[in-house]
Amino acid sequence: MVETSKLLIIRLASEPGLEPKRAETLRYLGLDKRNKAVIVSSTPSYMGMLRVVENEVVRASLDEQILALLAKKIHMEPQVVKQAIEEGRIRQLHLRSPKKGYESFRSSRGNIGEGMHELLARMT
């Protein structure tokens, strides 16, 4: 089973007039561009940063289905991806824009849970 304290975060919004605190927080998270994804631990400091940028990102806990989609994206076996994430060798991913656009995710920001499976499938 995947460590439940890991989160997958994807930046969906790319707003040019972003206030400095939000832009700086996105840079700290490693989400400097749209469609970029990061995997982080669910620590209080990361959760605080996510509260600041919740309107620009979507997030979900890492599970087996998400691992399988990430493995497909980087052409590796899911077990290898899981081990690489646990060892910290995989932290950032560049995803493409989702097929059929962002329309069904425009109003969904923050923790989208099961919706992450659909979004990630459309982005890989």
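Buried means under 20% relative accessible area, exposed means over 50%, and partly exposed covers what lies in between (1.4 Å probe, protein chains only); by that scale Asp32 is partly exposed, with a relative accessible area of 43%. This is a predicted model, in which local features need pLDDT of at least 70 and side-chain atom pairs count only at pLDDT 80 or more, while totals for chains, interfaces and linings use all residues. Residues are numbered from 1 along each chain as its sequence is written, and side-chain values use heavy atoms, with hydrogens and water left out.

**Helix packing**

- Helix α3 (residues 64-74) and helix α5 (residues 115-123) pack at an angle of about 5 degrees with their axes 10 Å apart, where helices are DSSP runs of H or I of at least four residues and strands are runs of E of at least two, numbered from the N terminus.
- The two helices α3 and α5 are therefore roughly parallel, a term for angles under 35 degrees, whereas over 145 is roughly antiparallel, 65 to 115 roughly perpendicular and the rest oblique; axes are lines fitted to C-alpha atoms, for helices over the stretch in contact, and angles run from 0 to 180 degrees between N-to-C directions.
- Gln65, Ile66, Leu69 and Leu70 of α3 meet Met116, His117, Leu120 and Ala121 of α5, contact meaning heavy atoms within 4.5 Å.
- Helix α4 (residues 78-87) packs with α3 at an angle of about 100 degrees, their axes being 8 Å apart, which makes α3 roughly perpendicular to α4.
- On the α3 side Leu67, Ala68, Leu70, Ala71 and Ile74 take part, and they meet Pro78, Val81, Lys82 and Ile85 in α4.

**The buried side of α5 and Arg59**

- Met116, His117, Leu119, Leu120, Arg122 and Met123 are buried in α5, and the buried residues of this helix pack against β1 (6-11), β3 (57-61) and α3.
- Arg59, which lies in strand β3, is buried yet has no salt bridge, since the nearest side chain of opposite charge, Glu54, is 5.8 Å away, and a salt bridge requires a side-chain nitrogen of Lys or Arg within 4 Å of a carboxyl oxygen of Asp or Glu.
- Leaving aside neighbours within four places in sequence, the contacts of Arg59 include Leu8, Ile9, Asn111 and Met116.

**Salt bridges**

- The count of salt bridges comes to four, one of them joining Glu56 to Arg22 with the closest N and O atoms 3.1 Å apart.
- Glu56 is buried at 1% relative accessibility, whereas Arg22, at 21%, is partly exposed.
- Lys36 forms a salt bridge with Asp32, with the closest N and O atoms 2.8 Å apart, and Lys36 counts as buried at 7% relative accessibility.

How values were computed: Lys, Arg positive; Asp, Glu negative; His and termini not counted.
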